[in-house]
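Please read it with the coordinates open.

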Amino acid sequence: MKKYDNVIIFDHPLIRHKIAILRNEKTSMKEFRELVEEITTLMTYESLKEGVPTEEKIVKTPLETCTQQIVKDDAIAIVPILRAGLGMVNGVHVLFPSAKVGHIGMYRNEETLEPNTYYCKLPTGIEDKLVLVIDPMLATGGSACDALTLLKSRGCKNIKFMAIIGAPEGISRVAEAHPDVKIYVSTLDRCLNEHGYILPGLGDAGDRLFGTK
Ligand code: PRP
Ligand code: URA
């Protein structure tokens, strides 16, 4: 895959370990859900190393008064792409409990692989926040591209996108269509199969999170 300035692929042994368990077809729904949350928390920590709106606050320690940087109240909004993105929300909330959540509902047409948007509800004032768009799977990139375009049409200017597993073609598509969005992917997989599934992947993330088939 070509190198993109706006793409960061984590190569962290802890995340790799957790993804190995996630991939295993024998991993239970409960464990799968817990791992998605844990991986998301690790990814959020790393992804928000830069670009988080902060402000100065005076703090009085037992010894003296000092000026500290704190994350601005209400600075971050989380936007999961339904359904599978829902599984990542708690992983971000662990670090930013008061972050408001917008939802974009999308499903891929199984034949064309084109995304269909069926729902969108965003928090008021989202255009002034750092928007963290989350979806565990970045396959053809169609869903991510459309979600980012939708958010931009609603005025969002500061957007980051996080996926746990990405296929090279999907990452390239989103990186080229949205060069202003930083894309964080935990692991880069090999390719897509003829049905648009990531290989080796983990199967259908939504089904594995929610026990559907
Ligand atoms: C999955 C996944 C992404 C999308 C990725 O959702 O959660 O949203 O596919 O594929 P793409 O990069 O080719 O667009 P799906 O459409 O299966 O819906 P679901 O989450 O409701 O299962
Ligand atoms: N969506 C999934 O859930 N899994 C894939 O491999 C591709 C798209």
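1. An oxygen atom of ligand 1 lies 2.7 Å from an N or O atom in the side chain of R108. Two further contacts involve oxygen atoms of ligand 1: a polar side-chain atom of R83 is 2.9 Å away, and a polar backbone atom of A84 is 3.1 Å away. A polar contact here is a pair of N or O atoms within 3.5 Å; within protein, one must be able to donate a hydrogen and the other to accept it, and residues adjacent in sequence count only if both atoms are side-chain atoms. Ligand 1 taken alone exposes 500 Å², of which the protein buries 90%. Areas follow the Shrake-Rupley method with a 1.4 Å probe; for residues, only the protein chains shown count as cover.

2. This is a predicted model, in which local features need pLDDT of at least 70 and side-chain atom pairs count only at pLDDT 80 or more, while totals for chains, interfaces and linings use all residues. Residues are numbered from 1 along each chain as its sequence is written, chains are lettered from A and ligands numbered from 1 in the order in which they are written, and side-chain values use heavy atoms, with hydrogens and water left out.

3. The shell around ligand 1 has 15 residues, and R108, D135, T140, G141 and S143 come nearest; a residue belongs to it if one of its heavy atoms lies within 4 Å. β6 gives the largest share, three residues. By class the shell has seven nonpolar, four polar and four charged residues. Ala, Val, Leu, Ile, Met, Phe, Trp, Tyr, Cys and Pro count as nonpolar, Asp, Glu, Lys and Arg as charged, and the others, Gly among them, as polar.

4. Backbone N or O atoms make its contacts listed here: I198 at 2.8 Å from an oxygen atom, G203 at 2.8 Å from a nitrogen atom, and A205 at 2.8 Å from an oxygen atom. Alone, ligand 2 exposes 230 Å², and the protein buries 89% of that.

5. A pocket is an open set of points, on a 1 Å grid over the protein atoms alone, where a 1.4 Å probe fits, with protein on both sides within 12 Å along at least five of seven lines; lining residues have an atom within 4 Å of a point.

6. The volume of the largest pocket is about 690 Å³. Its lining has 30 residues, with Y107, R108, Y197, D204 and G206 closest to the centre. The second largest pocket holds about 170 Å³, and Y197 and D204 are among its lining residues.

7. The backbone has two cis peptide bonds to check. One joins L82 and R83, with omega about -5 degrees; R83 is in the loop between β4 and α3 (86-93). Another joins L199 and P200, with omega about 0 degrees; P200 is in the loop between β13 (198-199) and α6. Helices (H or I, at least four residues) and strands (E, at least two) are DSSP runs, numbered from the N terminus.

Note on methods: Grid points are joined across faces, edges and corners, and a volume is the space filled by probe spheres set on the points.
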